[in-house]
Amino acid sequence: MTSLSSRRSRRMKNDINVVPYIDVMLVLLVIFMVTAPMITPGQIELPSVGTASDVPVQPIEVQIDEQGAIALRVREGGASFRPVDKANLLAEVRAVATADTPVVISADGKVPYESVMQVMDQLRNGGIGKLGLLVNQNAPATR
């Protein structure tokens with residue numbers, strides 16, 4: 001009987017030893033806790049309105065008012081805005097624009113940013129290469 005009991009005690013266990021994995025995890029946790037405060041978050045510096053450049057050519061202006069209505073005009077003396085449906089905006093711009101004509105978007109300050117980006121995306125996907133935003137250059141720059 002003694003030989004039978006000694007055989008059972010020498011049998012290998014089928015369990016995974018997780019103690020080394022826990023040690024490695026704790027070491028990594030300490031490393032990340034120490035290095036995290038040293039990492040500075042990315043900072044961007046937006047251009048102020050005063051540094052915007054003048055447009056050399058008479059651009060086409062797409063205006064978005066406070067209610068989200070879109071209007072279009074060629075920026076030359078005496079030109080007035082004419083309302084345009086959002087679905088027909090690209091066709092209207094293409095009818096007036098040439099390959100070198102820039103298009104600027106002027107939006108009311110209370111218009112949601114998403115609306116401006118949707119119009120910009122629609123024009124960019126339609127092949128309008130020279131696209132910009134109209135800003136008030138007379139306003140003092142705020143930082």
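1. Which residues are buried in helix H3 (residues 89–96)? In this predicted model, they are Leu89, Leu90 and Val93. These three cover an arc of only 95° around the axis, and therefore lie on the same side of H3.

2. The opposite aspect of the helix deserves mention. Ala91 and Ala95 are exposed, and they sit on the face of H3 turned away from its buried side.

3. The largest nonpolar core comprises 19 residues. Within this core, the members that touch the most others are Val62, Leu89, Val93, Val103, Ile105, Val119 and Leu123. At least two core residues come from each of E1, E2, H3, E4 and H4, and H4 contributes the most, with four.

4. Val119 may be examined individually. When residues up to four places away in sequence are not counted, Val119 touches Val62, Ile64, Ile70, Lys86, Leu89 and Ile105. Of these contacts, Val62, Leu89 and Ile105 are also among the core members that touch the most others.

5. A separate matter is the surface. Ile16, Val18, Tyr21, Ile22, Met25, Leu26, Leu29 and Met33 make a nonpolar surface patch of about 860 Å². One of these residues, Val18, is located in the loop between helix H1 (2–9) and helix H2 (19–35). Val18 counts as partly exposed because its relative accessibility is 43%, a value between the 20% and 50% limits.

Technical notes. Residues numbered from 1 in each chain as written. Predicted model: local features only at pLDDT ≥ 70, side-chain atom pairs only at ≥ 80, totals over all residues. Heavy atoms only, no water. Buried < 20%, exposed > 50% of the residue type's maximum accessible area, 1.4 Å probe, protein only. Arc of directions from axis to C-beta. Core = buried A, V, L, I, M, F, W, Y, C linked by side-chain atoms within 4.5 Å. Contact = heavy atoms within 4.5 Å. Patch = residues over 30% accessible without salt bridge, like charges linked within 9 Å, V, L, I, M, F, W, Y side chains within 5 Å. Areas by Shrake-Rupley, 256 points an atom, 1.4 Å probe, with all protein chains shown as cover. Salt bridge = Lys/Arg side-chain N within 4 Å of Asp/Glu carboxyl O.
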